[in-house]
Amino acid sequence: MSIHPTAILAEGAQVPASCIVGPYCTIGPNVILGEECELVSHVVLDGHLTAGARNRFYSFACVGIAPQDLKYRNEPTGVELGDDNVIREYVTISRGTAGGGGATRIGSNCLIMAYAHIGHDSIIGSHCILANAATLAGHVIVEDFATVGALCPVHQFCHIGRYAYIGGGTTITQDVLPYSLTSARRETHAYGLNKVGLERRGFSRERLRAIQHAYRLLLAAKMNTSQAIEKLRSDGIANEDVAYLVEFIERSERGVLK
């Protein structure tokens, strides 16, 4: 095991021999790391934190720290991380609260860039990107392959659909449509399909055409959301992407950005 002599591992911490722990890192007693994780330097891991394999934590990242919630009374809550995540400098990830399910969860293959914050009880899928200083309040859900741009604050309980792309500096106060390109050019709106991102992820022309048709009805046609959904159903749901889009809108509690 490669542990720098200035690092502090509490009794009870589970750190495999394949891990690298750099200088001045601290690991709490309830932390469980998977194989081949690396802590570069000055990293703080705390709470009931469970991390999978090959996660890399850069300098001054703080993961599993107490939530910024006045109701928190030091309950034994935690953070769950999948595999192959990159947690860059000064990232903060709060552990969950008793009232919010007890855990903040992050999937695998995510890139969390410098100064990003993930609040308590948030759920992040896999293959997500949070750019520099993206800020998620508590109870936020970010689905697979979504990107949250730099300097984006996301309100509590917002839901970001899969494959969504949020431009930098956009304030999010409602749910973000899956597959959408959402930005604050003048005010926050969904400006259409995240076509380039979907093409890079291997979406076929047929899948793209079906989603584009749905987006024309939702964003460009002179009808409200309920009318657009009714029209989509009457035309016949083209594929599972459109079915998921309709379901996402129908179960939204905060309303969706259009």
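A residue is called exposed when its relative accessible area is over 50% and buried when this area is under 20%. The legends below describe close-up views of a predicted model.

**View 1. Tyr115 in a surface patch.**
Tyr115 sits in the loop that runs between strand S14 (111–112) and strand S15 (117–118). Because its relative accessibility is 53%, Tyr115 counts as exposed. Together with Phe60 and Tyr90, Tyr115 forms a nonpolar patch on the surface. The accessible area of these three residues together is about 320 Å².

**View 2**
Eight strands make up an open sheet with parallel pairing. Their order is S2-S4-S6-S9-S12-S15-S18-S21. Strand S2 (8–9) and strand S21 (153–154) are the edge strands, each pairing on one side only. Strands of a sheet pair through backbone hydrogen bonds, in either a parallel or an antiparallel way.

**View 2. The pairing of S6 with S9.**
Strand S6 covers residues 44–45, and strand S9 covers residues 62–65. The two strands pair in the parallel sense over two bridges. Leu45 has Val63 of S9 opposite it.

Arg95 belongs to the loop between strand S12 (92–94) and strand S13 (103–106). With a relative accessibility of 8%, Arg95 falls under the 20% limit, so Arg95 counts as buried. Gly64 is 31 residues away from Arg95 along the chain, yet the C-alpha atoms of the two residues are separated by 4.7 Å. A polar atom of the Arg95 side chain lies 2.6 Å from the backbone oxygen of Gly64. The side chain of Arg95 also makes a polar contact, at 3.0 Å, with the side chain of Tyr72.

Leu151 counts as exposed because its relative accessibility is 59%. Leaving aside residues up to four places away in sequence, Leu151 touches Asn132, Ala133, Ala134, Gly169 and Thr170. For one of these residues, Gly169, the C-alpha atom is separated from that of Leu151 by 4.9 Å, although the two residues are 18 residues apart along the chain.

Key:
Residues are numbered from 1 along each chain as its sequence is written. This is a predicted model: local features need pLDDT of at least 70, side-chain atom pairs count only at pLDDT 80 or more; totals for chains, interfaces and linings use all residues. Side-chain values use heavy atoms; hydrogens and water are left out. Helices (H or I, at least four residues) and strands (E, at least two) are DSSP runs, numbered from the N terminus. Buried means under 20% relative accessible area, exposed over 50%, partly exposed in between (1.4 Å probe, protein chains only). A polar contact is a pair of N or O atoms within 3.5 Å; within protein, one must be able to donate a hydrogen and the other to accept it, and residues adjacent in sequence count only if both atoms are side-chain atoms. Two strands pair if DSSP finds at least two bridges between them. Patches are made of residues with over 30% relative accessible area and no salt bridge: like charges are joined within 9 Å, nonpolar side chains (Val, Leu, Ile, Met, Phe, Trp, Tyr) within 5 Å. Accessible areas come from the Shrake-Rupley method with a 1.4 Å probe; for residues, only the protein chains shown count as cover. A salt bridge is a side-chain nitrogen of Lys or Arg within 4 Å of a carboxyl oxygen of Asp or Glu. Contact means heavy atoms within 4.5 Å.
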